[in-house]
Structure formats: C-alpha cells, structure tokens
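Please keep the coordinates open while reading.

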Amino acid sequence: MIQLLYDGGVNDSSVSAAIISISIILIAGFLTTRVTKRLRLPNVTAYIVAGIIIGPFCLNLVPQPIIAGTEFLPDIALAFIAFSTGQFFRLDVLKKNGGKVVVITLFEALLASIFVFILAFFILRLNLAFSIVLAALASATAPASTMMTIRQTGAKGDFVETLLQVVALDDIVGLVAYSVAISVALNSYAGTAFSIVRIATPILTNCGVLLLGAFFGFVMQWMMKPKTRSSDNRLIISVALLFAFCGICAIFEISPLLGCMSMGTVYINLTDDDKLFKQLNYFSPPFLLMFFVRSGMSFDLKALVHSSGSIGSSPLLLIGVLYFIIRIFGKYLGAFLGCLIVKKPKETRNYLGLALIPQAGVAIGLAALGARTLQGETGNALQTIILASSVLYELIGPGCAKLSLYLSKSYSTKLEDLVEVNETTNSGEKRTELELLIDRVQKIQKELPVHTINEDEEAFTEAAEQHNTSFWGEIQKQNMKEVIRRRKK
C-alpha cells in the first residue's frame, strides 16, 4: 500500500507515502520498545530490530526511495548526540584530572583500533580501505547506555567521574581517527601516493570545524542571554543553530559531530545552563528513533552469510564476530594500561574496561557516513558489521557497565554502604542499630536534590491556588449568609 502511495496509485501523492512512512517508523520503534523493556534491553536495540522488521529484507513496509531520501538523519542525530555530550566538558572538572583522563582515553580507544586493524588487514586479509575505517570505528563508545546505567544505580565516586569523562573524550578520538581513516581509504581507492599533507588535511579540517562550532556556541549564548527568553524560543534557537551548523558541514561533506560537541562545550562553560540540554533531550527522541530505525532498514541480512568480494574472501558474519570479540579485548586492555600508567585506584583500573563495551549512536552514525562515502559493497559491508555488532554490544553492554559499577564499589544495594555514619558516640559508646538507621536515613534525606518548580508548574500552581481560594471563599460567603439568615429568624 505504501508503495502504491509513493508511485501515485492513490491520489497521486508521494507526500502521503513520506508522511505515512514516518508514522510507521515511529510506531514500529515504539511498539518494539514495549518488548525490549520487558527484557530489560536498551531502546537502541529495539529501534534497530524494528528497522530490520519493517525494512526491505522483511516486511518491506517503507519504500526504498523514502529510505534513500532520509540520508540527512545521521547528521541530525549526530548533532543532537554530540551537543549533549559537550555538557560534560566543564573546565572546572577537566582541570582536576583532565590529563589522566586523556591518557586513559588514548590507550583504550587507540588500542582497540590497532587490534581491529591487525585482525582485519593482516589476519583476515581484507582490503586497506575497509580495514582502516573499521578499525577507526572500533574506538567509539556509546555514552548513552553507560549514563543510563549510572542514573539507574545512583553510582558516584572516582570511578564514575573517570568513566563519564572517558566516554565523552572517546567520541573526539573516534572522530579524528575516522577522519584520518576515511582520507586514507579514499586515497587507496584512487591509487594516489600517501603523504603527510593528505593525512594532515582532515585533521586541520576538523580543527576548523571545532572553531566554527565554538563560534556557534558563542552565538547561542548571546541569543539565549535575555532572561525573558521563553522555553519555547530557547528550544527554537538551539534547534535552528544545530540545523544550520549541520547544513554548513553537509555542504563541505564534513561530519558535524566534533563541531556540535564544541558548541555544547562552549555554551555550558559560558552559561552553566544545563536546562537547555535537558530540554533538547526531551525534544530529540523522535529524531534519534527515526535514525536508528532507518539504520536497521539499511541492515543487509543476506550479506552476513556471504563474503563481499570488494573487501576480501571472509564472510561478513565471521568478520563481525571477530570484530565484536577483539574490540572488547582492546578496550579492556587499553583502559587497564592507561589507568596503570596514571596510577588510578585498583577498582578503577580493573573494571573501567567493562563499562566501555557499549557501542551504538556515534559508531552507527559514522558508519552511515562511511557507507555514504565509500559506497558500493564496501560501504554496505561496513554498515552491516557495525549494526550487527552494535546490537550485540547493546545486549551485553548495560549489564557489563552495571557489573563494573558494582565491582568498583561505586554503588551498593545495602543501606550501610550508601552513607557513612559514626558508629560510636562522642563518649566512645557503641550506638544501637536503630540510632545508626535513623542517622543514615537523615543523611540520605539531606543529599536528595531539592525539587525546583519550573515556570509551567508555577503558573499551574498559581492558577490552582486562585481557583481554590475563590471556590472556598464562595462557600464561606454562602455559609455566612446562611448564618445571618438563621439569626434574623
């Protein structure tokens, strides 16, 4: 039916096909989350599976021209993801242990890439272009799954602070590695000689994108400056600037990821306004859903069991499985060595690698950009492997992240581990279990965040109070009249 709409079979309206296709994508993504929620799986997994089900390799509910016409979605999704990541680069936090975090990030990201490149190029004998781009994508980590697990457990401490900064910096390393890798890949296709200039060009280009993103961050801060700016207008301004930045990057065929991250970093450090990021987090889910579902629709199931002659003789299924295992090993070993060099505590050193396993948003977005750049069988194979492995990473990633938080003693299910209290009185007498329980509860209450009322809640509360006052005032007037009437009698 959708294909008939697209072909003009009903009312000659391809617009109808596009609108209905978007509706199908959103509904399919939502319904699949109802299943994965019961299985305690992340939404990203649900969206990819939904895309596979409604895509051309299963039900084929969305026409291929609609899928091809939404190539802009990776750029938009990456923009929202990157801008939100920028809020974690507060200068006051980075000054404390920024150097140590950089060392850890470089080790865990680059070691994973090196191991994957050795596997792909030297062991499986895949071509250089595919091997180097796949290795670059191995460095990326999905911060969303890790952050969700941290929020659910309420974990805190040195391990959590290090983890959040590492996954944020991870994306920068991944993007720079991808930019260099895609340049080398294109040069290998063209058969041109490698040179320092050709490798340095994408790095300098990304430096320019960083500066442009910082400029947009200043512009955003200036436009948000008036205190009278409403929440709706703040959302309109931020989305307009993000879209404009994505459009500029698309003109020059550059990823917007690094620039949007720079924009978010500049804005948070100039304003300390984290409310905007929360507002965008409420606005962006439909875009992210459509992006991940579209990625699932681009997933070539048949290609998994066959080899791609353009990259090598190994089946994609074998490449995907080995990539899945080797990347985990590289991440864990790199995080361990990095923590060892900067002398991090034993708990952080032993378990940080477990929390770096998830891979989804950024890697899938870069894979989509890589597939668009490399094209043909090589691009399809790259996207297929990243999508297949991302589903597996999202299946085990949150569990591994939660295990690492527990083993590092960043959270506990026991009340006595949540807060520390003095077990003896000032005179040295041992306190009773009831006294210790009361102290722990009181200390937890003090640490709970104070609920703040936003403008909408305040307006609703004032209206309710006015209505309540007028309602009871009217009743009191009626009662007074009744009393006076009775007294006159």
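Which side chains meet in a salt bridge with an N to O distance of 3.1 Å? They are those of Asp158 and Lys344, a salt bridge being a side-chain nitrogen of Lys or Arg within 4 Å of a carboxyl oxygen of Asp or Glu. This pair links distant parts of the chain, with Asp158 in helix α9 (residues 158-190) and Lys344 in the loop between α15 and α16, 186 residues apart. Helices (H or I, at least four residues) and strands (E, at least two) are DSSP runs, numbered from the N terminus. Lys344 counts as buried because its relative accessibility is 8%, while Asp158 is partly exposed at 31%; buried means under 20% relative accessible area, exposed over 50%, and partly exposed in between (1.4 Å probe, protein chains only).

The model is predicted: local features need pLDDT of at least 70, side-chain atom pairs count only at pLDDT 80 or more, and totals for chains, interfaces and linings use all residues. Residues are numbered from 1 along each chain as its sequence is written, and side-chain values use heavy atoms, with hydrogens and water left out.

The protein chain has 21 helices and zero strands. Of its 489 residues, 46% count as buried. Among contacts (heavy atoms within 4.5 Å) with a separation of 6 or more, 76% are between residues 24 or more positions apart.

The count of salt bridges comes to seven. One of them joins Asp75 and Arg372, whose closest N and O atoms are 3.5 Å apart. Here too distant parts of the chain are linked: Asp75 belongs to helix α5 (residues 73-85) and Arg372 to helix α17 (residues 361-374), 297 residues apart. Asp75 is buried, with a relative accessible area of 8%, whereas Arg372 is partly exposed at 35%.

Another salt bridge connects Asp170 with Lys331, at 3.0 Å between the closest N and O atoms. It links α9 to α15 across 161 residues, and both partners are buried. Glu108 joins Asp170 and Lys331 in a network of salt bridges.

Helix α15 (residues 316-341) has 26 residues and should span 38 Å, and its end C-alpha atoms are 37 Å apart, which agrees; the expected span is 1.5 Å times one less than the number of residues. Its buried residues include Tyr323, Phe324, Arg327 and Lys331. After α15 comes Lys343, which has a positive phi near 60°. Most residues other than glycine have a negative phi. Lys343 is exposed, with a relative accessible area of 73%.

The 32 residues of helix α18 (residues 376-407) should span 46 Å, and the distance between its end C-alpha atoms, 45 Å, agrees.

Leu110 lies in helix α6 (residues 91-123) and counts as partly exposed at 38% relative accessibility.
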